[in-house]
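Trainee: I have just opened this entry and would like to be walked through it. Could we look at it together?

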Amino acid sequence: MIEITYDVFARKNRGDQLSHVGYVDALDDETAKVHAWTTYSEENWFEMCVVQRSQIIPVNRDDGPFVKARGGPE
Amino acid sequence: MSDAINVDALSDGGRAALERLILSLADSKRLMGIRYSDWILGSPSVETGIATSSMTQDEWGHARLLYAMLKQLDIDPVPIEHDRTAEAYANLSALDEPFEDWAALVASMVIVDGALSVALDAFSEGAFAPARQRVPKMLAEERFHVSLGVAWFRRLAAASEEARALLRAATDRQLPAALVWLAADDESSRELVELGVMPPPESLTTAFRASVRDVLAEGDADVNAYFDAAGPASDWDSTRGRAPGQPDADSVDRARGAKNRALFVE
C-alpha cells in the first residue's frame, strides 16, 4: 500500500506558536487530515495543519527526513 | 425551519413515531460503533486503526446522546440501552452482522454511516428541539468519517480485481438496505413528516443519492439501478422501523455491556 508521509503542526490557543507535533502516513490529503486529528487528539487544538513532508524545503541541512522525502540521502 | 413541537401535546401515534425514530438512529449508531471497533486492530495501518478507534468513540457518543433524547418522551433510556434483547433492536439492517473484510467496512463508512448522517441532518433541521441542539455536533464529527470512507472507497475501487469484487459485494448488500431504511413510508414515517420532525422519504433518498453517487460510481455495482428502484419495502417491520431481522447475539451482548453488568452503576 502506497502511503504519503505528512508532518503535523498544531497550536493549542490562538496566538500560540504553531508547533510540529508529529507525523502520519496517509493515502491522500483528506485521510491525512483524519489521521492527524485522530492520532494527535491529546489536546483540544485551536488549529491543526498537515503538510506533505516532500513539500518541506530544507534550509540548512543536506541530510535527515526532510531531505530524504525530497529524494536526497537520509 | 418550522416551530418546535410541544412533545407533551403529541398524540400517542406521534409519540410512538418519534420514539421509533430515536431508537432506530441510536441503535444504528451503537451497532455502527461496534462494527468500527472490530477493525481497530485489523486496519491496514496504525493511523487507520487509530481513526477507526476514534470513529468508534464518536458513534457510541452519538448513540448515548440519542438514547438520552428518549427522556423527552418520559422514557428511561437505561433499560433501553442495557436490557433489550436482539429482536427489539431497531438498527439499520446492514449492521446486523459483522463486516468480514476491510472493503465492507469502507463501504459502510460511505453507505451506512452516510445514510445515517442524511437522516440525522434532516432530524437536526426538523421540529424536535433536542435534535436541533445536539445533532449538529454529531454531524461535524461525521465529516471525518466521510473523508476516510470516501478516500478508502476510491483507493479500493482503483486497486486489484479482488478489492473491486469485495467492494461491489459490500455495496450490493448495504446500499439496498440503506435505501429501504431511508425510503420508509409507513404510518409512523408519515406522522413524523406531518409533525415537521422529518422530511418526506423522497427528500432523504434524494439527499443521500447526491451525497454518495460520485464515489459509489467508482465501484462496479449498478448504483443507479438501486437508487432508481428505491422505495418502501414490502416486508417492512413497522414496529421497529427497519427490515426484518436482528443484530447478532455477540454484538447485542457488547452493546448491552453484558460482561460488565456486575459493575453497572447508573
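Trainee: What should I know about the numbering and the kind of model?

Mentor: Residues are numbered from 1 along each chain as its sequence is written, while chains are lettered from A and ligands numbered from 1 in the order in which they are written. This is a predicted model, in which local features need pLDDT of at least 70, side-chain atom pairs count only at pLDDT 80 or more, and totals for chains, interfaces and linings use all residues.

Trainee: What is the mean pLDDT of chain A?

Mentor: The mean for chain A is 93, and 97% of its residues reach 70 or more; pLDDT is the predictor's confidence in each residue, from 0 to 100. Within chain A, confidence is highest in strand S3 (residues 47-52), at 98, and lowest in helix H2 (residues 65-69), at a mean of 92.

Trainee: How many helices and strands are in chain A?

Mentor: Chain A has 2 helices and 3 strands, and from the N terminus on they run β-β-α-β-α. Helices (H or I, at least four residues) and strands (E, at least two) are DSSP runs, numbered from the N terminus. The C-alpha trace of chain A spans about 35 × 30 × 15 Å along its principal axes.

Trainee: And how many does chain B have?

Mentor: Chain B has 11 helices and 0 strands. Its radius of gyration is 18 Å, close to the 18 Å that the globule rule gives for 266 residues, so chain B is as compact as a globular protein of that length. The radius is taken over C-alpha atoms, and the rule is 2.2 Å times the number of residues to the power 0.38. Along its principal axes, the C-alpha trace of chain B spans about 55 × 50 × 35 Å.

Trainee: Which residues have the most contacts inside the largest nonpolar core?

Mentor: They are B:Ala115, B:Ala119, B:Ala178 and B:Leu182, in a core of 91 residues. The largest share of this core, 12 residues, comes from helix H6 (residues 129-157) of chain B. A nonpolar core is a set of buried Ala, Val, Leu, Ile, Met, Phe, Trp, Tyr and Cys residues joined through C-beta atoms within 7 Å.

Trainee: What does B:Ala178 touch?

Mentor: Not counting residues up to four places away in sequence, B:Ala178 touches B:Leu92, B:Ala94, B:Ile111, B:Val112 and B:Ala115. Two residues are in contact if their C-beta atoms, placed from the backbone, lie within 7 Å.

B:Ala178 is one of the buried residues of H7(B), which also include B:Leu175 and B:Trp181. The buried residues of H7(B) pack against helices H4 (102-110), H5 (112-124), H6, H9 (201-216) and H10 (223-228) of chain B.

Trainee: Changing topic: is helix H1 of chain B mostly covered or mostly uncovered?

Mentor: H1(B) is mostly covered, with 19 of its 26 residues buried. B:Arg15 lies in this helix and counts as partly exposed because it has 17 C-beta neighbours inside 10 Å. Leaving aside neighbours within four places in sequence, B:Arg15 is in contact with B:Leu10 and B:Leu73.

Trainee: What about B:Asp74, buried or exposed?

Mentor: B:Asp74 counts as exposed because it has 9 C-beta neighbours inside 10 Å. Its place is in the loop between H2 and helix H3 (77-82) of chain B. Phi of B:Asp74 is near 60°, a positive value in a residue other than glycine.

Trainee: Last one: how many residues does each chain give to the contact between them?

Mentor: The contact takes 11 residues from chain B and 16 residues from chain A. On the side of chain B that touches chain A, H6(B) gives the most, with 5 residues. The residues of that side divide into 6 nonpolar, 3 polar and 2 charged. Here Ala, Val, Leu, Ile, Met, Phe, Trp, Tyr, Cys and Pro count as nonpolar, Asp, Glu, Lys and Arg as charged, and the others, Gly among them, as polar.

Note on methods. Buried ≥ 20, exposed ≤ 12 C-beta atoms within 10 Å, placed from the backbone.
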